Amino acid sequence: PPASQNNEQGSTLRDLLTTTAGKLRLGSTDAGIAFAPVYSTGTVSGKSGRTMPNILDDIIASVVENKIPPNRAPKINVKSEIKDEPKDDKKCIQDDCSKQRYSDVQYSWICDKHVLWLREHKNSSNWKIFKECWKQGRPVLVSGMHKKMNFSLWKAESISLDFGNQQADILNCKDSVISNTNVKEFWDGFEDVSKRQKVKNGETALLKLKDWPSGEDFKTMMPARYEDLLKSLPLPEYCSPEGKLNLASHLPGFFVRPDLGPRLCSAYGVAATKDHDIGTTNLHIEVSDVVNILVYVGIAKGNGVLSKSGVLKKLEEEDLDDLLRKRLKDSSELPGALWHIYAGKDADKIREFLQKIAKEQGLEVLPEHDPIRDQSWYVNKKLRQRLFEEYGVKTCTVIQFLGDAIILPAGALHQV
């Protein structure tokens with residue numbers, strides 16, 4: 001193409017990928033082509049030869065060679081945005097200087113200052129300290145989201161009444177058996193243990209509705225609940241599908257987007273089971289950032305169910321932050337889910353640890369199986385202690401109360 005056209009090409013990533021990559025001439029060294037192909041050298045039949053150009057390398061090389069016109073100023077001046085920020089953000093957002101910078105935000109640090117807790121869900125300034133925390137890949141807890149929601153929409157009996165005739169996959173969390181059944185059966189047993197399925201030995205089954213409904217199905221099937229959820233999202237600049245900082249929802253069409261949901265995750269609590277060392281969501285990693293809002297907590301009734309005081313006592317046995325222990329004693333708070341969270345940087349250590357435990361238990365460890373990707377483990381208290389003692393990996397334990405939103409960065413490992 002003429003040189004005059006070259007000046008405009010490659011001004012954005014979309015341009016680089018869509019308008020130029022197709023114009024590369026394999027094996028050509030013409031100075032007139034858009035980008036000079038980059039070749040790797042190799043030996044074929046004893047003679048030196050060049051392989052086909054790597055398209056991505058071509059694009060990178062073009063950027064390195066300043067093919068993007070210097071007079072095209074970027075839309076966002078990154079330097080001007082961060083020049084006034086302190087040199088050590090990590091230290092500053094956790095010590096006294098943060099109290100001055102974010103004096104208009106009600107917040108605390110939990111889990112040994114690993115998780116940011118935003119106490120006022122309505123505060124329009126929350127995003128300021130959230131931004132600093134998010135840069136470091138730290139989880140964030142926002143409380144009180146249920147105060148913005150229509151609570152009656154999320155009651156178990158309401159969902160059962162509206163959608164009980166639907167079919168869905170139901171997972172038995174203990175043996176990982178999935179069955180397709182009527183949704184009403186699940187919801188009827190949500191708060192009445194006598195109506196729950198029994199397994200072969202007579203124990204009550206710990207069931208979970210597997211992501212029902214999800215994505216577009218959620219929006220189509222539950223429009224009122226979809227709208228209620230969207231208007232109640234924390235930090236809408238980041239979490240709303242239309243949020244200007246929600247990068248995943250604004251990806252160009254040629255990217256394969258992750259499933260951004262929303263999806264309804266519903267499960268029985270372990271309080272009615274004999275084995276409290278199992279979870280409803282095993283240890284895993286999400287490929288995108290996730291916001292999880294606890295919209296309803298059912299109080300199960302029936303034989304074998306722990307009383308409220310029994311549940312609280314069980315939770316107090318966990319390695320909890322002092323602030324979480326204080327919330328447990330607050331009668332206005334309703335605990336509903338127990339989370340164990342790990343930093344993405346510890347994934348390899350955790351993977352090695354679980355493979356080691358599998359071998360100790362006589363389980364076959366196949367090279368193509370990944371214990372995290374397969375979601376085959378719930379790391380119980382004894383194993384969490386060993387993980388810390390043998391690998392130095394500390395567990396971040398968070399109790400999610402009614403109305404709490406937990407925001408996790410992509411790559412963070414977690415179980416519930």
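**View 1. Leu 235 in the loop between helix 11 and helix 12.** In this predicted model, Leu 235 lies in the loop between helix 11 (223-231) and helix 12, where helices (H or I, at least four residues) and strands (E, at least two) are DSSP runs numbered from the N terminus. Leu 235 is not a glycine, and yet its phi is positive, at about 45°. Its relative accessibility is 7%, so Leu 235 counts as buried; buried means under 20% relative accessible area, exposed over 50% and partly exposed in between, with a 1.4 Å probe and protein chains only. Residues are numbered from 1 along each chain as its sequence is written, and side-chain values use heavy atoms, with hydrogens and water left out. Because this is a predicted model, local features need pLDDT of at least 70 and side-chain atom pairs count only at pLDDT 80 or more, whereas totals for chains, interfaces and linings use all residues.

**View 2. Cys 111 in the loop between strand 3 and strand 4.** The loop between strand 3 and strand 4 holds Cys 111, which has a positive phi of about 55° although it is not a glycine. With 12% relative accessibility, Cys 111 counts as buried.

View 3. Trp 212 and Pro 213 are joined by a cis peptide bond with an omega of about -20°, and Pro 213 has its place in the loop between strand 8 (207-209) and helix 10 (215-221). A cis peptide bond also joins Gly 261 and Pro 262, here with an omega of about 0°, and Pro 262 is found in the loop between helix 12 (236-239) and strand 9 (266-267).

View 4. Strand 5 (residues 140-142) and strand 14 (residues 405-408) run antiparallel and are joined by 3 bridges, with Val 142 having Ala 405 as its bridge partner and Val 140 standing opposite Ile 407. Strand 11 also pairs with strand 14 in the antiparallel sense, over 4 bridges, and here Ile 293 has Ala 405 as its bridge partner. Ala 405 and Ile 407 point one way from strand 14, Ile 406 and Leu 408 point the other way, and all are buried.

**View 5. The second largest pocket.** This pocket holds about 580 Å³ of space. Of its 29 lining residues, the closest to its centre are His 114, Ala 343, Asp 346, Lys 394 and Cys 396. On a 1 Å grid over the protein atoms alone, a pocket is an open set of points where a 1.4 Å probe fits, with protein on both sides within 12 Å along at least five of seven lines, and lining residues have an atom within 4 Å of a point. Grid points are joined across faces, edges and corners, and a volume is the space filled by probe spheres set on the points. Strand 12 (335-342) and strand 13 (396-401) each supply at least two residues of the lining.

How values were computed
Two strands pair if DSSP finds at least two bridges between them.
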